[in-house]
Amino acid sequence: MRKKIALIGGGQIGQILAMLAAQKEMGDIVLLDIPELENPAKGKALDLMEMAPHGNYDANIVGTSDYKDIEGADVVIVTAGKPRQAGMTREDLLAVNLQIITQVAAGVKQSAPKAFCIIVTNPLDAMVYAFYKLTGFPKNQVVGMAGALDTARWRAFIAMELGVSVADVAGTVLGGHGPDMVPLPRLTTVGGVPLNEIATKEQIDRLATRTREAGTEIVKLFGKGSAFFSPAWSAITMAESYLKNKRRILPCAALCEGEYGVKGLFIGVPCLIGAKGIEKIFEIKLADDEKAMLQKTIGVVAKTVEETKL
Ligand code: A3D
């Protein structure tokens, strides 16, 4: 039997997720949106079925607004919610998206209680916390997508700056999904060469700042809405690691219970994603300045989470 992937939210990111999941033949796909947008979701699903002959994939893809259709899903990816517009912070979305996540959590809890759930909705670290609290799912089953994207941006900017293949840039970004996130230049390498041996401090500082502000840079360029191609690929990479037990180690917003000194918050940390979901969190020995930066981002996340009152 094919695996089943439920995509909650069929907007910009949801539709790219559906296309990628189909192209990768990850399984059958359900694209769920609000009743008012059920027909566009059905239309997008049908369009993707009609893409299959040239896309060269077999998958059953349906659009719906009924949670019954996600029954038995192996993976749920949640993008339901408002995106930022120019001039907004992610935290400005808290009230409206908390309401949406509350509905989504109820639907997923009812219909797909065994699914590995990847949350993408912003403000990310608070929304994944809310989803976890509202569903009561085990902690290994709920994760936020942010670090995978933040790290992809960090790697992309380094490759662009140095004129090298992005495949050879390895590194990680820790912390919350906001301007206080913590890129780690000390642990970043390019083809095995430490970044700080081939880039100047000025370059590294500039690239780190660009990474922290990368979402806002896209929002400004778009004028309306936020990034969608790169967030979709990041979430699909996480879903694939779970479905295929690839055991990728990716920075994800995972529930920390003592790791990095964090208790009871979802924070971006390196995680192993395998067949059991979040199987392990890796603790990196941080330098003092890195620890201080991490403490700052944890404080910001704690404050936003507090506002959820959950
Ligand atoms: P958009 O294109 O507006 O799609 C969101 C979809 O969610 C729309 O089709 C809505 O109709 C749908 N929706 C709203 N309420 C519900 C509901 N109750 N049930 C089901 N569906 C609903 O936005 P988008 O796809 O560009 O972005 C989606 C979310 O991802 C936003 O909150 C963004 O801020 C967030 N986002 C996060 C990242 C991260 O890296 C964490 C990156 C980019 C965007």
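**View 1. Helix H3 and the shell around the ligand.** Helix H3 gives the most to the shell around the ligand, with 3 residues, where helices are DSSP runs of H or I with at least four residues, numbered from the N terminus. This is a predicted model, in which local features need pLDDT of at least 70 and side-chain atom pairs count only at pLDDT 80 or more, while totals for chains, interfaces and linings use all residues. Residues are numbered from 1 along each chain as its sequence is written, and side-chain values use heavy atoms, with hydrogens and water left out.

**View 2. The residues around the ligand.** Among the 27 residues around the ligand, those that come nearest are Gln12, Ile13, Asp33, Lys82 and Gln103; a residue is near if one of its heavy atoms lies within 4 Å of the molecule. By class, the shell holds 13 nonpolar, 12 polar and 2 charged residues, with Asp, Glu, Lys and Arg counted as charged and Gly among the polar ones.

View 3. A backbone N or O atom of Gln12 lies 2.8 Å from a ligand oxygen atom, a polar side-chain atom of Asn122 lies 3.1 Å from an oxygen atom of the ligand, and a polar backbone atom of Gly11 is 3.5 Å from one. Of the 870 Å² of accessible area that the ligand has on its own, the protein covers 90%, by the Shrake-Rupley method with a 1.4 Å probe.

Technical notes
Polar contact = N/O pair within 3.5 Å; in protein donor to acceptor, adjacent residues only side chain to side chain. Helix = DSSP H or I, 4+ residues; strand = E, 2+ residues; numbered from the N terminus.
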